[in-house]
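Please look over the sequence and the model below before reading on.

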Amino acid sequence: MVFIIIGMSLVTMIPRFLPIFIIDRIPFPKWVNQWLDIIPYAALGALIFPGVLSVIPDKPWIGLTGAVIAVILAIVRANVIIVVLGSTLTVFLFLML
Amino acid sequence: MIEEINHLNEEQLHKKILLKKGFMAALPIVLGYFPIAITYGVLAAQAGISLIELTAMSILVYAGAAQFMGVSMITVGAGSLEIIIATFVLNFRHFVMSLSFANRTRGLQAKWKVPLSLGLTDESFSIASLHTKEAEQTNGGYFYAALIISAYASWVIGSFLGGMLGDVIPATLSQSMGIALYAMFIGLLIPSVKKEIRYGYVAGLAMIFNYIFSYTFSIDQGWSIVCSTLLASLIGVFIIRGKTM
């Protein structure tokens with residue numbers, strides 16, 4: 001068990017801090033910098049979908065509805081906390097029905 | 001003399017403000033992590049992992065999806081090496097995220113960089129990389145430290161409580177909280193898209209790629225997220241060409 005935990009820790013931590021040393025030592029061409037700067041938006045997309053469909057694994061439409069509510073709340077400029085609570089409440093109500 | 005004291009106080013105040021801002025920015029993560037961490041603690045305890053071991057895993061690994069996977073692999077009796085390799089594959093996306101974060105926060109003092117990078121998760125990366133102006137400020141590290149430590153504390157404390165107390169959150173509620181982090185990602189993405197629609201195209205592309213990779217080609221979740229993120233953002237360079245970033 002200790003071996004598993006240490007091993008999991010190393011393979012998780014090394015990819016996290018290695019980039020710090022890469023960035024300081026290797027000068028990137030402009031297009032690579034642009035590429036890296038767009039990554040957060042692409043990552044958000046990939047993290048949201050299709051994962052959100054599996055919030056309630058046997059009822060993907062519940063996750064989808066929760067996501068739509070989150071989108072609407074975010075469009076009307078609600079604070080992120082409100083977006084989170086509104087979306088959670090939506091899923092909660094569906095589960096109670 | 002008095003001026004010097006005033007200056008010191010001002011700096012202290014500025015640090016405090018940054019800490020508070022960091023904590024406020026982390027609040028959605030804190031809220032989202034807590035029930036998931038409790039669920040992890042409960043499942044790990046059920047799998048026969050001791051309270052110390054399951055908490056140590058949260059402290060040392062600090063990666064939700066990988067820890068759930070680890071627990072279920074331990075339950076079915078998978079080999080240690082197999083678990084470690086699967087963890088590497090699942091978490092390799094953080095390499096890409098950390099690379100992007102390090103590139104966006106070059107202004108940050110060197111002493112902050114390594115400790116902060118160790119606390120990068122999908123969630124803290126998303127919030128941190130949409131707050132890049134803090135990195136330009138003196139003491140900007142305080143903002144990111146507060147953000148990352150709050151999220152980390154929520155994960156570790158939640159795991160411990162779940163392992164110790166068992167299911168303290170009613171099932172329906174904790175299931176509903178499963179959407180919290182997705183809602184947070186949406187809440188982070190939409191304001192950027194409203195400012196610049198092309199970021200929306202990039203995110204949409206990543207969603208389509210991720211869907212195709214994971215469903216049509218049944219690629220591992222870890223690689224699927226890495227590939228779709230890299231591919232969509234590479235295409236994004238061409239979509240956004242010409243605009244100063």
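Where in chain A is the place of A:Pro50? A:Pro50 belongs to the loop between α2 and α3 of chain A. The model is predicted, and in it the peptide bond leading from A:Phe49 to A:Pro50 is cis, with omega near 5 degrees. B:Tyr62, although not a glycine, has a positive phi of about 50 degrees, and its place is in the loop between α2 and α3 (64-75) of chain B.

**The interface of chain A and chain B**

Between them, chain A and chain B bury about 6,900 Å². Carbon and sulfur atoms account for 78% of that area. Of the area that chain A buries against chain B, 12% is supplied by A:Arg16, A:Tyr41 and A:Leu47, more than by any other three residues. The contact draws 63 residues from chain A and 84 residues from chain B.

Polar contact across this interface is found for 16 residue pairs, both residues being at pLDDT 80 or more.

| Helix of chain A | Residues |
|---|---|
| α1 | 2-25 |
| α2 | 30-48 |
| α3 | 60-75 |
| α4 | 80-96 |

Of these, α1(A) gives the most, with 19 residues. By kind, the residues on this side of chain A comprise 48 nonpolar, eleven polar and four charged.

**Salt bridges**

Over all chains, the structure holds six salt bridges. One pair crosses between chains, running from B:Arg104 in helix α5 (residues 93-104) of chain B to A:Asp37 in helix α2 of chain A. The side chains of B:Arg104 and A:Asp37 meet at 3.6 Å, N to O. Side chains of opposite charge can pair when their charged atoms come close. Between chain A and chain B, the count is two salt bridges.

Which residues make the nonpolar surface patch of about 570 Å²? Chain A contributes A:Val2, A:Ile6, A:Leu10, A:Ile14 and A:Leu18, while B:Ile59 and B:Leu60 come from chain B. The elements that give two or more residues to this patch are α1 of chain A and α2 (51-60) of chain B. The most is given by α1(A), with five residues; A:Ile14, for one, lies in that helix.

Conventions. Residues are numbered from 1 along each chain as its sequence is written. Chains are lettered from A and ligands numbered from 1 in the order in which they are written. This is a predicted model: local features need pLDDT of at least 70, side-chain atom pairs count only at pLDDT 80 or more; totals for chains, interfaces and linings use all residues. Side-chain values use heavy atoms; hydrogens and water are left out. Contact means heavy atoms within 4.5 Å. Buried area is the accessible area (1.4 Å probe) that two parts lose on being put together, summed over both. A salt bridge is a side-chain nitrogen of Lys or Arg within 4 Å of a carboxyl oxygen of Asp or Glu. A polar contact is a pair of N or O atoms within 3.5 Å; within protein, one must be able to donate a hydrogen and the other to accept it, and residues adjacent in sequence count only if both atoms are side-chain atoms. Helices (H or I, at least four residues) and strands (E, at least two) are DSSP runs, numbered from the N terminus. Ala, Val, Leu, Ile, Met, Phe, Trp, Tyr, Cys and Pro count as nonpolar, Asp, Glu, Lys and Arg as charged, and the others, Gly among them, as polar. Patches are made of residues with over 30% relative accessible area and no salt bridge: like charges are joined within 9 Å, nonpolar side chains (Val, Leu, Ile, Met, Phe, Trp, Tyr) within 5 Å. Accessible areas come from the Shrake-Rupley method with a 1.4 Å probe; for residues, only the protein chains shown count as cover.
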